[in-house]
Amino acid sequence: MKIGVITYPGTLDDRDAQRAIRLAGGTPVPLWHADSDLKKVDAVVLPGGFSYGDYLRCGAIAAQAPATQEVVKLAAQGLPVLGICNGFQVLVEAHLLPGGLIRNEKQHFICRDQKLRVENNQTAWTNLFDKDQEITIPLKNGEGGYIASKETLKMLEAENRVVFRYLDLNPNGSMSDIAGLTNERGNVLGLMPHPEHAVEPGFGPDTDIAMRSGTDGLKFFESVLKALVNA
Amino acid sequence: MPKIIVEIMPKQDLLDPQGKAVANALSRSGNKNISNVRIGKRIELHFDTEVTDADLENAKALAASFLSNDVIEDVVNVFIEA
């Protein structure tokens, strides 16, 4: 299974995302933002970073890129898409997901291992989690405060589209503790924390068992491979 | 050179951290009568030819779609500047 990873100017975590895909058993395919050819990949990851230096608004210029526009088209046909951090901001700016992301409530850039609750395990990227499972993956962002209108929040809750919620502590002032959400169809997932940084023992978050042994992020990529095999 | 100016402000009910920091600095330097500061964006679209009504309409559409995000910002003005 081929999973594309788009690199924009200013992207940081494309190599980590490719590595995560490889560790999960998939074949990562590097994609370039200016190229509308997605090379027939089976799924796409929009990685974290600071695309276009966060000019205009985080993710706004990347949302206009030829590769992103192609992703928007194919997402409507069911292509699994995962937006991580800046990738989440791109998905929001490309209107694949509703709402917006603003500067963290306390104005600081935050970097920590973050506990999350899996609220929806029916998406292409979360089907190997249990409902209400608690996971820990790194979070690192400056503009991760999720906001949306009252109507949008109500709709997201009613349609079970909040996929992850922050546990123990809401790091950035996100409304309803929202860390990640999906589209109507469940193929597009955007979240602020970084699953691709928790995929290999020795390099992940600390767990009760051992330091840096957390690999909860790997399940995101294994989930999409499972979804693709079953599709 | 004719220009179209697009002015964008963060929504009233959202915290504007830049504005707040500037307001604090102004207050410290003795400007006690300035009660609040909000900082927005002015975007200039330059044209080599005369600006038409169609250009202005197009600029308004761009202002609402790409240049601003209506979840967090308001377009307060789009106008031609000679």
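Let me begin with a term: a residue is called buried when its relative accessible area is under 20%, exposed when that value is over 50%, and partly exposed in between, using a 1.4 Å probe and protein chains only. The structure above is a predicted model, in which local features need pLDDT of at least 70, side-chain atom pairs count only at pLDDT 80 or more, and totals for chains, interfaces and linings use all residues. Residues are numbered from 1 along each chain as its sequence is written, chains are lettered from A and ligands numbered from 1 in the order in which they are written, and side-chain values use heavy atoms, with hydrogens and water left out.

Helices (H or I, at least four residues) and strands (E, at least two) are DSSP runs, numbered from the N terminus. The C-alpha atoms of chain A fill a box of roughly 40 × 35 × 35 Å along the principal axes. The radius of gyration, taken over C-alpha atoms, can be set against a globule rule of 2.2 Å times the number of residues to the power 0.38. For 231 residues a compact globule would come near 17 Å, and the 16 Å of chain A agrees with this. Of those 231 residues, 56% are buried.

Let us now look at helix α1 of chain A, residues 14-24. Which residues of this helix are buried? They are A:Asp14, A:Ala17, A:Gln18, A:Ala20, A:Ile21 and A:Ala24. Around the axis they cover an arc of only 160°, which puts them on the same side of α1(A); the arc is that of the directions from the helix axis to the C-beta atoms. These buried residues pack against β1 (2-7), β2 (27-32), β3 (43-46) and α5 (218-230) of chain A. Contact here means heavy atoms within 4.5 Å. After α1(A) comes A:Gly25, with a positive phi near 110°.

A:Leu79 sits in the loop between α2 (66-75) and β4 (81-84) of chain A. Is A:Leu79 buried or exposed? A:Leu79 is buried, with a relative accessible area of 11%. Neighbours within four places in sequence aside, its contacts are A:Val41, A:Asp42, A:Ala43, A:Val44, A:Leu74 and A:Asn187. A:Val41 is 38 residues from A:Leu79 in sequence, and their C-alpha atoms are 9.0 Å apart in space.

I now move to chain B. Chain B has two helices and three strands, and from the N terminus its elements run β-α-β-α-β. What is its radius of gyration? Chain B has 16 Å, whereas a compact globule of 82 residues would have a value near 12 Å. Its C-alpha atoms fill a box of roughly 45 × 30 × 15 Å along the principal axes. Of the 82 residues, 29% count as buried.

Charge is the next topic. Lys and Arg count as positive and Asp and Glu as negative, while His and the chain ends are not counted; each charge is placed at NZ of Lys, CZ of Arg, CG of Asp or CD of Glu. Chain B carries 9 positive and 13 negative side chains, with the centres of the two sets 14 Å apart. In chain A there are 23 positive and 28 negative side chains, and the two centres lie 2 Å apart.

B:Ile39 is partly exposed, with a relative accessible area of 26%. Residues up to four places away not counted, B:Ile39 touches B:Met9, B:Pro10, B:Asp16, B:Gln18, B:Gly19 and B:Val22. B:Met9 is 30 residues away along the chain, and the C-alpha atoms of B:Met9 and B:Ile39 are separated by 6.9 Å.
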